[in-house]
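Trainee: I would like to learn how to read a model of this kind with care. Could we go through it feature by feature, with the general idea before each case?

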Amino acid sequence: MEGVTGRGKYVALAVLLLPSLVGMGAFYILPIVSSLVLSFTKWDLLTPVQWIGVGNYVAALGDPAVQQALRNTLTFILGYLPAVVAGGLGLALLLNRKLKGRTVFRAIYFVPVVTSWVAVSLVWKWLLNPQYGLINYGLALIGIKGPGWLFDPNWAMAGVIMTTIWKDIGFVTVIYLAGLQEIPENLGEASSIDGATPWQRFWSITWPMLAPTTFFVTTISLISSFQVFDQVFVMTGGGPVGATTTMVQLIYKNAFSYGQMGYASAISWILFALIFAVTVAQNFLQKRLDKSDG
Amino acid sequence: MADRALRPGDYATWAVLGLGAVIMLLPFVWMVSTSLKTGDATFVMPPQLIPSAPTLANYSKIFAAVPMAQFLLNSVFVSVTSTVIMVLTCAMAGYAFARIKFPGREIIFYAYLATLMIPQQVTLVPLFVIMTWLDWGNTYQALILPSSFGAFGTFLLRQFYLRLPREVEEAAFMDGAGYVRIFFTIGLQLARPALATLAVFAFMASWNSFLWPLIITSDQSMMTLPVGLSFLNGRYTTDWNVLMAGAVIGTLPIIAVYVFAQKYIIQGLATTGLK
């Protein structure tokens with residue numbers, strides 16, 4: 001393919017690459033760089049931009065709202081992550097058995113994944129209604145008085161977590177199913193001849209071989225846990241008394257309700273730092289695990 | 001893989017999978033059921049799964065109260081347009097990165113990849129400022145353009161073209177065709193499976209996108225479905241039958257797309273997710 005002359009090559013680049021370059025520059029690179037610069041300033045869109053160095057970062061780390069959002073995120077991760085990963089893996093293991101109807105089940109579990117967060121949040125807000133919601137009605141049938149869910153600071157996050165698990169579990173299931181398909185079938189057969197129970201077979205063969213999938217799923221879910229916004233915005237607005245406020249919500253509020261563009265930008269870079277740290281830690285762990293496996 | 005003979009454990013598996021399916025579907029059934037109820041029937045205890053006197057009043061109420069058809073139209077237009085631009089620009093750029101050698105290629109490609117590390121929320125404030133300066137608030141271009149480009153799709157297509165043998169293209173080169181003509185006559189066709197995967201992702205991301213449209217639209221006539229639904233949420237806080245009618249309208253189109261494109265969506269997701 002050396003036949004194209006220098007001039008022809010640059011014409012081709014102008015046609016093929018330039019549109020993408022302009023778009024990426026205007027909507028990614030430029031905003032990212034501007035955001036970093038803005039994070040060191042104080043700016044309300046109306047008065048001139050004021051350089052304040054690391055002032056926003058210092059203020060953010062001491063801001064009770066930021067600390068609460070971080071605590072809320074941690075609560076969210078503790079409730080959401082193990083459940084969605086274990087649940088998705090469990091469903092994938094069941095679906096991986098060659099049973100009739102499994103493609104139908106897989107399709108059903110995936111429906112919430114494609115549905116928009118706003119619609120899902122509305123439905124769950126109604127399901128979780130303390131007086132007339134289906135969930136508290138179901139609980140009452142088995143003799144449990146359901147909590148106030150989204151109206152109760154102690155239970156609101158639990159409601160958000162349940163909703164998010166319900167929406168995302170099909171995604172995790174499908175990713176695990178793809179991972180399971182990569183495991184050669186004769187591996188399992190060989191050990192079942194050796195008299196291993198299904199339980200032993202799972203822990204000695206399936207689980208180690210799924211390690212890359214588990215890492216992938218955990219990383220993706222962790223990253224999305226830091227970016228929770230839609231469901232909280234619709235279901236609780238961050239309340240009651242800030243019990244479900246997230247980092248993204250603080251970015252939204254500070255920028256578009258309080259007009260603190262610099263401060264909001266700084267919070268968005270703190271969010272980036274958290275996500276970056278998690279990704280690096282995950283990669284490091286995976287490399288170490290790969291090594292120890294020899 | 002053929003289905004094998006049934007074992008006792010299979011019934012237990014079915015029971016668990018069936019229970020799971022009920023949990024996944026019940027919220028949707030409840031959504032439809034509530035949307036067909038009168039105001040009084042909504043709050044009847046015990047709840048009725050099948051409304052005793054079903055009505056479509058909530059749907060007409062919603063179409064009268066807010067420009068629901070406009071929300072739908074905006075969502076379709078914004079999603080389709082940004083998907084088309086995304087697929088085309090990613091394929092062109094992916095082809096260029098894979099086939100054309102030019103100075104700075106590696107650095108530019110790494111800059112693309114670096115944007116994947118940055119969460120979308122970082123760009124929100126400057127994007128809003130830029131759009132305000134351009135006076136693009138409440139416009140289609142503001143809704144469409146920021147979700148029309150992406151490093152993920154460019155990367156996906158670049159990898160595709162790198163793995164693709166060059167023989168077919170070589171013949172065209174011998175006939176004197178340039179990169180651009182070869183891309184549009186051969187490259188685009190060959191990449192159809194990868195393009196379909198990317199299109200499905202781009203469409204779903206754009207269709208369900210909420211935060212950016214929420215920020216950039218205040219005019220009802222420019223709102224997309226998710227923003228319109230969220231607006232309804234603020235207005236009909238306790239009219240659950242009306243809100244559920246809105247949720248049905250917001251859910252049906254994407255579920256229809258899903259039913260038709262199910263294979264592409266699930267397989268595309270499973271294969272690209274792991275690579």
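Mentor: Let us begin with confidence: pLDDT is the predictor's confidence in each residue, on a scale from 0 to 100. What you see is a predicted model, and in chain B the pLDDT averages 90, with 95% of the residues scoring at least 70. For the complex, the predictor gives an ipTM of 0.89 and a pTM of 0.91.

Trainee: What does the secondary structure of chain B come to, and in what order do the elements run from the N terminus on?

Mentor: Chain B has 14 helices and 0 strands, so that its order from the N terminus reads α-α-α-α-α-α-α-α-α-α-α-α-α-α. The radius of gyration of chain B is 24 Å, well over the 19 Å that the globule rule gives for 275 residues, and therefore chain B is more spread out than a compact globule. Along the principal axes, the C-alpha atoms of chain B fill a box of roughly 75 × 65 × 30 Å.

Trainee: How is burial judged, and what percentage of chain B is buried?

Mentor: A residue counts as buried if 20 or more other C-beta atoms lie within 10 Å of its own, and as exposed if there are 12 or fewer. Of the 275 residues in chain B, 43% are buried. As for the contacts of chain B between residues at least 6 apart in sequence, 75% join residues at least 24 apart.

Trainee: Where is Ala191(B) found, and is Ala191(B) buried or exposed?

Mentor: Ala191(B) sits in the loop between helix H10 (179–190) and helix H11 (192–208) of chain B. Because 22 other C-beta atoms lie within 10 Å, Ala191(B) is buried. Leaving aside neighbours within four places in sequence, Ala191(B) is in contact with Ala91(B), Leu157(B) and Phe160(B). Phe160(B) is 31 residues from Ala191(B) in sequence, yet their C-alpha atoms are 7.3 Å apart in space.

Trainee: What would the corresponding description of chain A be?

Mentor: The secondary structure of chain A comes to 14 helices and 2 strands. Its radius of gyration is 24 Å, whereas the globule rule gives 19 Å for 294 residues; the value is well over the rule, so chain A is more spread out than a compact globule. The box filled by the C-alpha atoms of chain A, taken along the principal axes, is roughly 75 × 75 × 35 Å, and buried residues make up 39% of the 294 residues in chain A.

Trainee: Into which domains is chain A divided, and how many residues of domain 1 are in contact with domain 2?

Mentor: Chain A is divided into domain 1 (6–51) and domain 2 (59–292), whose centres, taken over C-alpha atoms, are separated by 33 Å. In chain A, 9 residues of domain 1 are in contact with 8 residues of domain 2. On the domain 1 side, H2 and strand S1 (41–42) of chain A are the elements that give two or more residues, and H2(A) gives the most, with 3 residues. By class, this side of domain 1 has 4 nonpolar, 3 polar and 2 charged residues.

Trainee: How many residues does each chain give to the contact between them?

Mentor: The contact takes 71 residues from chain A and 80 residues from chain B. On the side of chain A, the largest share, 12 residues, comes from helix H2 (residues 18–38), and the classes there are 55 nonpolar, 11 polar and 5 charged residues.

Trainee: What is the phi of Leu45(A), and what is the phi of Asn138(B)?

Mentor: Leu45(A), although not a glycine, has a positive phi of about 80°; Leu45(A) is in the loop between S1 and strand S2 (50–51) of chain A, and is partly exposed, with 13 other C-beta atoms within 10 Å. Asn138(B) has a positive phi near 55°, lies in the loop between helix H6 (121–133) and helix H7 (140–144) of chain B, and is partly exposed, with 16 other C-beta atoms within 10 Å.

Methods:
Residues numbered from 1 in each chain as written. Chains lettered and ligands numbered in written order. Predicted model: local features only at pLDDT ≥ 70, side-chain atom pairs only at ≥ 80, totals over all residues. Contact = placed C-beta atoms within 7 Å. Helix = DSSP H or I, 4+ residues; strand = E, 2+ residues; numbered from the N terminus. Nonpolar A, V, L, I, M, F, W, Y, C, P; charged D, E, K, R; others polar. Rg over C-alpha atoms; globule rule 2.2 N^0.38 Å. Domains from an automatic or database assignment.
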